[in-house]
Amino acid sequence: MPFASLTEMLKKAQQGQYALGAFNVMNLEYLHSIIETAEQERSPVILQINPIHFKHSRVASFISYIREEAINASVPVALNLDHGNDRQVILYAIRNGFPAVMFDGSKLSYEENILQTKQITEICHPLGIPVEAELGKLNDEGVEITPENRSYFFTDPVEAKEFVNITNVDALAVSIGNAHGFYKGDPEIDFQRLDEIRHKVVIPLVLHGGSGISDDDIRRAISCGICKINIYTEMGANASIRLRQIIAEHPEPFDLPWALLEIRAAIREIVRHKIQLFGSAGKSR
Ligand SMILES: [Zn+2]
């Protein structure tokens, strides 16, 4: 089988009350580390490419390579576009072979987000391409959340229901105290809000910014209905720690391919921990 169906994978995760890791890839170090670990853990896995990483490869060639890897993998491998911010990027992704996309209209007004997301699903669904959307604004700048600005950032459960009904999206990324990149201090996840969203929205819920959220909070988020968790920052952070060690131990120029294998081991370490934490290990059948 080429790429696994993201919709089917998320449905199974939702029914089985576990989450799938959605790991960002932009080169072979990431790609092979993630697939190898998923195979070792017998876990289905989602790969994602963010448009900011398109510059790392010729996109169509990289996707062909990933597809070959997916065909040969012993576990289901899905591929998703991460954060397509406008129609042009979505169309580019479709033309280059992405079987699933995320359209991120979260920076738009609520009305405009609905309008544009609906247009994207109308383009994608006839092609069999599922769409993940985002409602609410992730607090990526680490602004202090107060009672006054809370409703600006966080996903409103009533709006979430209306948004999903009108746009017909297949998965919804929520803003409940999560953010991209490194967190300033410990993130505070609004579980009550997540619970309210889950009771109003039946489609799979997605948590972006999974790096840096405590294991306990991740488990609780999964029990409240999160079934896709995006991981990027922690893989690179662990790899950079290993790279710093290598440079400290080998001040003279060293064999780079060897160092890249060491980098892969550091990425695998994070992927393995997340797969086990999310409960997707052993769920490849
Ligand atoms: Zn994200």
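**Zinc site, barrel and rings**

Q: What is the relative accessible area of His 180?
A: His 180 has a relative accessible area of 28%, so it is partly exposed. Buried means under 20% relative accessible area, exposed over 50%, and partly exposed in between, with a 1.4 Å probe and protein chains only.

Q: Before I go on, what are the ground rules?
A: This is a predicted model, where local features need pLDDT of at least 70 and side-chain atom pairs count only at pLDDT 80 or more, while totals for chains, interfaces and linings use all residues. Residues are numbered from 1 along each chain as its sequence is written, and side-chain values use heavy atoms, with hydrogens and water left out.

Q: Okay, which residues coordinate the zinc ion?
A: His 83 (NE2), His 180 (NE2) and His 208 (ND1) do, at 2.0 Å. Donors here are N, O and S atoms within 2.8 Å of the metal (3.2 Å for Na, K and Ca), and sites may look incomplete because water is not among the atoms.

Q: And what spacing do the donors follow along the chain?
A: The spacing is H-x96-H-x27-H. His 83 in strand S3 (residues 77–84) and His 180 in the loop between strand S6 (171–174) and helix H8 (191–200) are 97 residues apart, so to speak a link between distant parts of the chain. Helices (H or I, at least four residues) and strands (E, at least two) are DSSP runs numbered from the N terminus.

Q: Is His 83 buried or exposed?
A: His 83 is buried, at a relative accessible area of 9%.

Q: Switching to the fold: how many strands are in the barrel?
A: Eight strands, S1-S2-S3-S4-S5-S6-S7-S8, form a closed barrel with parallel pairing. On average, neighbouring strands are turned by 30° against each other, direction ignored. Two strands pair if DSSP finds at least two bridges between them.

Q: How many bridges join S5 to S6?
A: Four, and the two strands run parallel. Ala 133 stands opposite Leu 172 in S6, and Leu 172 has Leu 205 as its bridge partner in S7.

Q: Which way do the residues of S6 point?
A: Ala 171 and Ala 173 point one way, Leu 172 and Val 174 the other, and all are buried.

Q: What does H8 lie across?
A: H8 lies across S6, strand S7 (205–207) and strand S8 (226–231), at about 150° to S7. Axes are lines fitted to C-alpha atoms, for helices over the stretch in contact, with angles from 0 to 180 degrees between N-to-C directions.

Q: Where is Ser 106?
A: Ser 106 is in the loop between S4 and helix H5 (110–124), and it is buried at 5%. Beyond its neighbours within four places in sequence, Ser 106 is in contact with Asn 113, Glu 134, Gly 136 and Lys 137, where contact means heavy atoms within 4.5 Å.

Q: Last topic: how many aromatic pairs are there?
A: Rings of Phe, Tyr and Trp (its six-membered ring) pair if their centres lie within 6.5 Å, and planes under 30 degrees apart count as stacked, over 60 as edge-to-face and the rest as tilted. By this rule there are four aromatic pairs. Tyr 152 and Phe 153 are edge-to-face, because their centres are 5.0 Å apart and their planes at 80°.
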